[in-house]
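Below are some notes for a colleague who is looking over this model. They go from the overall counts to single side chains.

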Amino acid sequence: MELFGDDIEVFCPVLRTPDIGNIGTLCCRDGEYPEAVRALAFNGAEVVYRPGEAVRMTTAGSDADGTWLLQNRAHAHFDGLYTVYPSTGPVCSSPAVEHPADIAGGKGHVVACCARVIRQARSGTNAVTAAPVDIEALRRYRLRNLNPNRLKDIRTELFRRLHDRPIHPANLWLDRESGRHAEVDDVCRANTERLVQQRTYAESVHHFPGKRRPGHRRGPWATAMAPTVVAPDCGRKEAR
């Protein structure tokens, strides 16, 4: 911010090209928040490119292709743009691994502005898939449709105060290495407590400490391996 300013175009820049349209990018978990794609849309994005996502997002939820596809179709639908989503292919977690693991399930796809999936890879193997992205048709759709073109109807002044109260602290790792799991988990719990204090979340009737991560695995690749998550016994009782 000191170098480039705090305008929304600084945080969510869009590349404007003369031949393939205006392109915005974000990565992986950033796409789990509607605001990220909407900011790109307001900055002129016609195509949003979001690489990378892994299980559980590609498998969880009622949709056969997980919340990964659900989110990406919703972005295209709400913001009236094309979305291009290559997922992660098989990877090796260390040089000692002989066979790569499929951590994402593949399912990369291209979605049109009406939330229609126009191309999708069906497996977790490395693959190439392609689809026509008609920028001129998108521009006509945005300019001439009076109902499904939603950005034109947003009362931005009503929502301006929505994000005035900060939740997640800024610059946590600006001057030091990122924290380990336990430290980051404490940051997340503090964020949740902040939402409780703001009356966004309501306290549950029964309080439990939640999941805790045991000690990290030993070895040179410990930092690359996710530790096991242990859920405590909540002492669940039968309802009578």
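1. A residue is called buried when its relative accessible area is under 20%, exposed when that value is over 50%, and partly exposed in between. With this cut-off, buried residues account for 28% of the 240 residues in the chain. The model is a predicted one, and every value below is computed from it.

2. Secondary structure. There are 6 helices and 6 strands in the chain. Read from the N terminus, the order of elements is α-β-β-α-β-α-β-β-β-α-α-α.

3. Main core. The largest nonpolar core is made of 12 residues, including Cys12, Val14, Leu26, Ala45, Leu81 and Leu151. Helix α2, which spans residues 34-42, gives the largest share of this core, with 5 residues. A further core of 9 residues lies apart from it, and Tyr82, Val110, Cys113 and Tyr141 are among its members.

4. Val48. Which residues does Val48 touch, once its neighbours within four places in sequence are left aside? The list is Gly24, Leu26, Val37, Leu40, Leu81, Tyr82, Thr83 and Val84. Tyr82, by contrast, is listed in the core of 9 residues.

5. Met1, Leu3, Phe4, Ile8, Val10 and Phe11 make a nonpolar surface patch of about 710 Å². Leu3 sits in the segment before α1 (8-11). Its relative accessibility is 75%, so Leu3 counts as exposed.

6. Asn149. Is Asn149 buried or exposed? Its relative accessibility is 14%, and Asn149 is therefore buried. This residue is located in the loop between α4 (135-144) and α5 (156-159). The side chain of Asn149 comes to 2.5 Å from the backbone oxygen of Arg142.

7. Salt bridges, total. The chain has a count of 9 salt bridges, with a side-chain nitrogen of Lys or Arg required to be within 4 Å of a carboxyl oxygen of Asp or Glu.

8. Arg140 and Glu136. These side chains form a salt bridge with an N to O distance of 3.8 Å. About one helical turn separates Arg140 from Glu136, because they are 4 residues apart in helix α4. Arg140 is partly exposed at 35% relative accessibility, and Glu136 is partly exposed at 45%.

9. Glu32 and Arg29. In this salt bridge the closest N and O atoms are 3.9 Å apart. Glu32 has a relative accessible area of 23% and so is partly exposed.

10. Glu157 and Arg155. What is the distance between the closest N and O atoms in the salt bridge of Glu157 with Arg155? Here the value is 2.4 Å. Glu157 is partly exposed, with a relative accessible area of 37%, and Arg155 is partly exposed as well, at 45%.

How values were computed:
Residues are numbered from 1 along each chain as its sequence is written. This is a predicted model: local features need pLDDT of at least 70, side-chain atom pairs count only at pLDDT 80 or more; totals for chains, interfaces and linings use all residues. Side-chain values use heavy atoms; hydrogens and water are left out. A nonpolar core is a set of buried Ala, Val, Leu, Ile, Met, Phe, Trp, Tyr and Cys residues joined through side-chain atoms within 4.5 Å. Buried means under 20% relative accessible area, exposed over 50%, partly exposed in between (1.4 Å probe, protein chains only). Helices (H or I, at least four residues) and strands (E, at least two) are DSSP runs, numbered from the N terminus. Contact means heavy atoms within 4.5 Å. Patches are made of residues with over 30% relative accessible area and no salt bridge: like charges are joined within 9 Å, nonpolar side chains (Val, Leu, Ile, Met, Phe, Trp, Tyr) within 5 Å. Accessible areas come from the Shrake-Rupley method with a 1.4 Å probe; for residues, only the protein chains shown count as cover. A polar contact is a pair of N or O atoms within 3.5 Å; within protein, one must be able to donate a hydrogen and the other to accept it, and residues adjacent in sequence count only if both atoms are side-chain atoms.
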